[in-house]
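This report takes up one of the pockets of a protein and then turns to the core and the overall fold. Please keep the sequence and the structure in view while reading.

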Amino acid sequence: MRIRRLVFVLLAWTGTSTLVELGQAQTPAPTQTKSGAVATAPRVYANLAQLMRGILFPASNVIFATQSDDPTKIPPAKDPATATDLLASSYGQWQAVENSALALSEAANLLTIPGRKCSNGVAVPIRNADWPKFVQGLRDAGVTAYKAAQSKNTDNILMAADAITEACANCHNKYRERPTLADRCK
């Protein structure tokens, strides 16, 4: 079972055709860089809601949980290697908080890849003047949370959680909180 998951992860990172078939994404034509290396443009697999639910929501919740729960007091799961609670996983406790904070900053890059759609089929508004500012706010909030996690200080975590909440709210208030799903991302 673990081997299969590892193979899937390796397939995901190498971008093999098997993953392309699973994700039903188009493979961009390779381009050659000045150094002669072959590079491909980033591919979009998830819509914005899937990206939020798969990376941003769980990562931010790890940070939010540490506002009231001391990560050092969270025992490892029965099998930390397969734990779904990141704080109780093999890379749990404060390391999970650090990793989740960095995931927020890195995921901000995914919000700028052309071709991503919102769950209603509307293109993510990456060309709107406010979008890069909102994305940068998320990136900065992730860095703030990372520094807070490194400090292992609850007051710093509280400030970082506020920064994350503000960064998310800025974008959600403009693009997500709409009367209908059809109105999102407009």
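## The second largest pocket

What is the volume of the second largest pocket? In this predicted model, the second largest pocket has a volume of about 610 Å³. Its lining is made up of 25 residues, and those that lie nearest the centre of the pocket are Leu48, Ala49, Met52, His172 and Arg176. Two or more lining residues are contributed by each of the helices α3 (48-65), α5 (130-151) and α6 (154-176), and the largest share, nine residues, is that of α3.

Which classes of residue make up the lining of the second largest pocket? Sorted by class, 18 of the lining residues are nonpolar, four are polar and three are charged.

## The largest nonpolar core

The largest nonpolar core comprises 34 residues, and the ones with the most contacts inside this core are Leu48, Ile63, Val97, Leu104, Leu111 and Trp131. The elements that each supply two or more residues to this core are α3, α4 (94-110), α5 and α6, with the largest share, eight residues, coming from α5. As general background, nonpolar side chains tend to be buried together in soluble globular proteins.

When residues up to four places away in sequence are not counted, Leu48 touches Leu111, Arg116, Lys117, Cys118, Val124, Trp131 and Cys185.

Between the C-alpha atoms of Val143 and Ala103 the distance in space is 9.7 Å, although the two residues are 40 residues apart in sequence.

## Overall fold and surface

The protein contains six helices and two strands, and from the N terminus on its elements follow the order α-α-β-β-α-α-α-α. Among the contacts in the protein with a separation of 6 or more, 58% are between residues 24 or more positions apart.

Of the 186 residues of the protein, 28% count as buried. The protein exposes about 11600 Å², of which 57% is supplied by carbon and sulfur atoms.

Conventions
Residues numbered from 1 in each chain as written. Predicted model: local features only at pLDDT ≥ 70, side-chain atom pairs only at ≥ 80, totals over all residues. Heavy atoms only, no water. 1 Å grid on protein atoms, 1.4 Å probe; cavity = no way out; pocket = protein on both sides within 12 Å on 5 of 7 lines; lining within 4 Å. Points joined across faces, edges and corners; volume = space filled by probe spheres on them. Helix = DSSP H or I, 4+ residues; strand = E, 2+ residues; numbered from the N terminus. Nonpolar A, V, L, I, M, F, W, Y, C, P; charged D, E, K, R; others polar. Core = buried A, V, L, I, M, F, W, Y, C linked by side-chain atoms within 4.5 Å. Buried < 20%, exposed > 50% of the residue type's maximum accessible area, 1.4 Å probe, protein only. Contact = heavy atoms within 4.5 Å. Areas by Shrake-Rupley, 256 points an atom, 1.4 Å probe, with all protein chains shown as cover.
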